[in-house]
Amino acid sequence: MSTVFLNDAFMPITEAKISPMDRGFLFGDGIYEVIPSYDGKLVGFGPHIERMRSGLAALEIPLDWEPARWLLLCQQLIEKNGRGNLGIYLHVSRGADSKRFHAYPEGVKPTVFAYTFAINPPPPADKDKVQGFKVSTARDLRWQRCNIKSTALLGNVMHFQQGYAAGHNEIILYNARNEMTEGSSCNAYIVKHGTVITPPLDHQLLPGITRLILLDILRKDGTIPVEERTVTMDEVFDADEVWLTSSSKEIAPVIEIDGKPVADGKPGDVWLAAQTLFSANKYNY
Ligand code: PMP
């Protein structure tokens, strides 16, 4: 049975209880992270914790854990739940107040919850073995602060469900100007004439840690050009390759969008080169 961390203690998941007055429960008032760990090795611990700390600061949630405290928690969870392919889920809500009132309460202790769950092994850098994603598309109807990794994920959940109900693995979202924003749970990219292109960071998308690591690896390697710029949906449908990234999928090649194949409907050569570089360098972050 999985051992989880809630507030100051480890316990079996069945014993973990929170108050119904917790603002995470009532308002989705919290921040979370998912850090992948393979055989006890974390990917992107530093940037994940930095993003969490900046989310807590943006929400003015007063939790002053240093990165070393988070690292100890991750290591303890791995130790208690076994090595393997794990997602380490870290969650901080503003805590339980005595009443339901929108304004941030004073003197309430944030709730810290963490647990691990099994994730797939990292995708093989092999065009014949990797799972190609089939996706839907939809107008992005989420809020205007998608750069904050908030636990209030109903907009994302409803979009994911739209794709899932259509039998798809994900859904690619676009704004009112027909520009791609991201997936419901991942960042999105196209490849055109050998260049990897992804939308720039702004309020419309999450600053993904896999995105950060991938772009850094590609720029340092220098063989595949990278651009951060607006991508229209016309460009998405005309792309040579389309990819999605997240901590649990790494780089997922998209082979079909709204029932139409992406190029020849198979993972591409640039994906193969990028996933190979990612697999070789990801533990440096
Ligand atoms: N965008 C959204 C909306 C997400 O939920 C996620 C994470 N699941 C990502 C992008 C990718 O972020 P990361 O690479 O840090 O997992």
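How do the residues of the shell around the ligand divide into nonpolar, polar and charged? Here are my notes on this predicted model.

1. The shell divides into 11 polar, four nonpolar and four charged residues; Ala, Val, Leu, Ile, Met, Phe, Trp, Tyr, Cys and Pro count as nonpolar, Asp, Glu, Lys and Arg as charged, and the others, Gly among them, as polar. In total 19 residues surround the ligand, each with a heavy atom within 4 Å of it. The closest are Glu-182, Ser-185, Ile-209, Thr-210 and Ser-247.

2. Some polar contacts (pairs of N or O atoms within 3.5 Å) are worth a look. Oxygen atoms of the ligand lie 2.7 Å from a polar side-chain atom of Ser-247 and 2.8 Å from a backbone N or O atom of Ile-209. A ligand nitrogen is 3.0 Å from a polar backbone atom of Ser-185.

3. Alone, the ligand exposes 390 Å², and the protein buries 90% of that (Shrake-Rupley method, 1.4 Å probe).

4. Domain 1 (3-118) and domain 2 (133-284) each give at least three residues to the shell, with bounds from an automatic or database domain assignment.

5. Local features need pLDDT of at least 70 and side-chain atom pairs 80 or more, while totals for chains, interfaces and linings use all residues. Numbering runs from 1 along each chain as its sequence is written, and side-chain values use heavy atoms, without hydrogens and water.

How values were computed:
A polar contact is a pair of N or O atoms within 3.5 Å; within protein, one must be able to donate a hydrogen and the other to accept it, and residues adjacent in sequence count only if both atoms are side-chain atoms.
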